[in-house]
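User: Could you take me through this model? I would like to begin with the sheet and then turn to the helices.

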Amino acid sequence: MKASAFAYARAASIDHALEMLSRHGETAKLLSGGQSLLPAMNLRLMSPDMVIDIGNLAGLRHISIEDGALCIGALTRHAELLESSEIGRLAPLLAEAVRHIAHPAIRNRGTIGGSLAHADPAAELPACMMALDATIIVRSRCSERRIAAADFFQGIFTTALSADELLVSVELPIVRGPSAYFFREFSRRRGDYALAGVAGYATHDGQLVSQLRMAFFGVADKPILAKAATGLINVTVTPARISDAAEAFGEELSPSDDPQASADLRRHLAKVLFRRCAEALVGLADC
């Protein structure tokens, strides 16, 4: 199939893009890397009247440290995240997750902002934003909003973005002190969307875990934080406690059957990932 007819405009600046979004509203879609939008349009899952190309807005492509946070521009490509020394040093979870995104050709074009705004529930980066407690910055002609990642993703292909808003950057808090991360996913083939996956991040205070965020993707209509993980914070963690928490997490899930996997399979895989993630983050991986 091919996309239905649409008008095309290339934004000359961020203000120009925002002006066009304000004018066209819900009938417009933004084009950054095009790795999610264009296939969806070709399948007629999306049929915008206007496509606004923001791919040349250099002001949205950057990786910097500002006010104690790691700031990433929305047009930063997946490959640039993988190559960045700042990402590798300050957000290694993100670098690890990017290695699992599709294939090199996709990573060379796809952008972090495009992935987050598209909000595919099986995508890696939305879950990473939740695990790392990211703040997502969006802008309209009249205002700027800062949205916690946990509030940004609202359902399948649905976010807190309004029709006249542009995702401009994300901020990741820089954590000082001992920390650990974990990323795994199950897919039928390397590069396929995950049947289930987890992005985990923990900080440690002595022998105890002081913060633990485990964000799962591919098992619900949006990335979700495991509530059961809070039972492993500030306690002596044992294999039995992890096993109990994994079972409790399984009760949190309500996956659906689909052509790729049954609900039971997704729940089973998610519980396996919970145990492996928890064991790795608290130092019990060999138990």
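User: Before that, what should I know about the numbering and the cut-offs?

Analyst: This is a predicted model, in which local features need pLDDT of at least 70 and side-chain atom pairs count only at pLDDT 80 or more, while totals for chains, interfaces and linings use all residues. Residues are numbered from 1 along each chain as its sequence is written, and side-chain values use heavy atoms, with hydrogens and water left out.

User: Thanks. What is the strand order in the open sheet of five strands?

Analyst: The order is β4-β5-β10-β6-β7, with antiparallel pairing. Strands (E, at least two residues) and helices (H or I, at least four) are DSSP runs numbered from the N terminus, and two strands pair if DSSP finds at least two bridges between them.

User: And which strands stand at the edges?

Analyst: β4 (63-66) and β7 (144-148) do; each has a single partner strand, so one side of each is left without a neighbour in the sheet. From one strand to the next, the twist averages 25 degrees.

User: How many bridges link β6 and β10?

Analyst: Five bridges, in the antiparallel sense, between β6 (residues 135-139) and β10 (residues 166-173). Val138 has Leu167 in β10 as its bridge partner.

User: What about β6 and β7, and how many residues does the hairpin between them go through?

Analyst: β6 and β7 are also antiparallel, over five bridges, and the hairpin joins them through four residues. Thr135 stands opposite Ala148 in β7.

User: What does Phe153 touch?

Analyst: Leaving out residues up to four places away in sequence, Phe153 touches Leu116, Ala119, Pro126, Met129, Met130, Ile136, Thr158, Lys222 and Pro223. Contact means heavy atoms within 4.5 Å.

User: Changing topic: how many salt bridges does the structure hold?

Analyst: It holds 13. A salt bridge is a side-chain nitrogen of Lys or Arg within 4 Å of a carboxyl oxygen of Asp or Glu. One of them joins Arg139 and Glu144, with the closest N and O atoms 3.3 Å apart. Arg139 is partly exposed at 27% relative accessible area, and Glu144 is partly exposed at 46%.

User: Where do Lys271 and Glu247 lie?

Analyst: Lys271 lies in helix α11 (residues 263-282) and Glu247 in helix α10 (residues 239-252), so their pair ties together parts that are 24 residues apart in sequence. Their salt bridge spans 3.1 Å from N to O. Lys271 is buried at 19%, whereas Glu247 is partly exposed at 38%.

User: At what angle do α10 and α11 pack?

Analyst: The angle is about 145 degrees, with the axes 9 Å apart. Axes are lines fitted to C-alpha atoms, for helices over the stretch in contact, and angles run from 0 to 180 degrees between N-to-C directions. Residues making the contact include Ala246, Glu247 and Phe249 of α10 and Lys271, Phe274 and Arg275 of α11.

User: Finally, is His118 buried or exposed?

Analyst: His118 is buried, at 15% relative accessibility. His118 is found in helix α7 (residues 112-118) and touches Ser36, Met46 and Phe157, not counting residues up to four places away in sequence.

User: And which strand holds Thr203?

Analyst: Thr203 lies in strand β12 (residues 196-205) and is buried at 8% relative accessibility. Beyond neighbours within four places in sequence, Thr203 is in contact with Val175, Pro178, Ser179, Leu208, Val209, Ser210 and Gln211.

Terms used
Buried < 20%, exposed > 50% of the residue type's maximum accessible area, 1.4 Å probe, protein only.
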